[in-house]
Amino acid sequence: AMELAYPPFETRDEAGDAYGISPAFMQRFADEYGYDLDIENTAFDGLIPALQTDKADAVMSSITITDERLDQVDFTDAVCDVNQSITVRSDSGITDVAQLEGKKIGAQSGTTGYEWAAENIKDAEVTGYDEMTAVFAALDSGQIDAVSVDLPVANYYVRSYSDCQVIKEIPTGEQYAVAVSKVILILQIL
């Protein structure tokens with residue numbers, strides 16, 4: 001399972017096929033071990049439930065290892081290190097995270113970017129969106145004042161939306177990994 005709206009990690013090409021770093025990684029794994037790869041586009045907040053209900057065998061979707069998620073699923077070794085970031089419109093006059101106090105912040109629902117903004121930006125109104133494209137569209141239209149998202153994703157969107165800029169990389173030291181059901185690991189041990 002992957003949420004195919006998180007470029008450059010997971011997205012779709014012009015033909016609608018899964019494209020990006022994660023699909024390429026999983027295809028290489030499948031080829032190496034003789035598995036057939038079937039990528040199911042799944043909303044980010046539905047990824048862990050997909051594992052828990054056997055709708056997916058693995059999740060490779062820019063999913064960060066967290067203690068809360070470790071209570072629900074297991075993870076492989078880390079495959080990517082990332083930090084959070086804050087992105088604003090270039091004409092906003094906002095140059096520091098402290099200026100976001102009491103402002104509207106957008107993030108993707110269920111992500112560590114959402115959690116970071118809610119926990120670290122004083123009196124912020126944090127709004128969750130289903131996909132990052134919607135978050136950046138809200139920034140572009142002035143519905144929100146800033147975006148809290150993983151830095152590589154912010155950099156991708158800054159190139160796509162030329163009127164925004166990253167004002168802060170936040171060293172959170174997060175790690176992406178492949179998530180798998182605890183049941184699968186137990187069965188492999190047996």
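Analyst: Residues are called buried under 20% relative accessible area, exposed over 50% and partly exposed in between, using a 1.4 Å probe and protein chains only. This is a predicted model, in which local features need pLDDT of at least 70, side-chain atom pairs count only at pLDDT 80 or more, and totals for chains, interfaces and linings use all residues. Residues are numbered from 1 along each chain as its sequence is written, and side-chain values use heavy atoms, without hydrogens and water.

User: Is Y35 buried or exposed?
Analyst: Y35 sits in the loop between α1 (21–33) and α2 (47–52); helices (H or I, at least four residues) and strands (E, at least two) are DSSP runs numbered from the N terminus. Because the relative accessible area of Y35 is 53%, this residue is exposed.

User: Why is D71 classed as exposed?
Analyst: D71 belongs to the loop between α3 and β3 (74–75). The class of D71 is exposed because its relative accessible area is 66%.

User: Leaving aside neighbours within four places in sequence, with which residues is G110 in contact?
Analyst: Contact is taken as heavy atoms within 4.5 Å. Once the neighbours within four places in sequence are set aside, the contacts of G110 are F44 and R69.

User: How many Å apart in space are G110 and Y176, C-alpha to C-alpha?
Analyst: In sequence, G110 and Y176 are 66 residues apart. In space, the C-alpha to C-alpha distance between G110 and Y176 is 15 Å.
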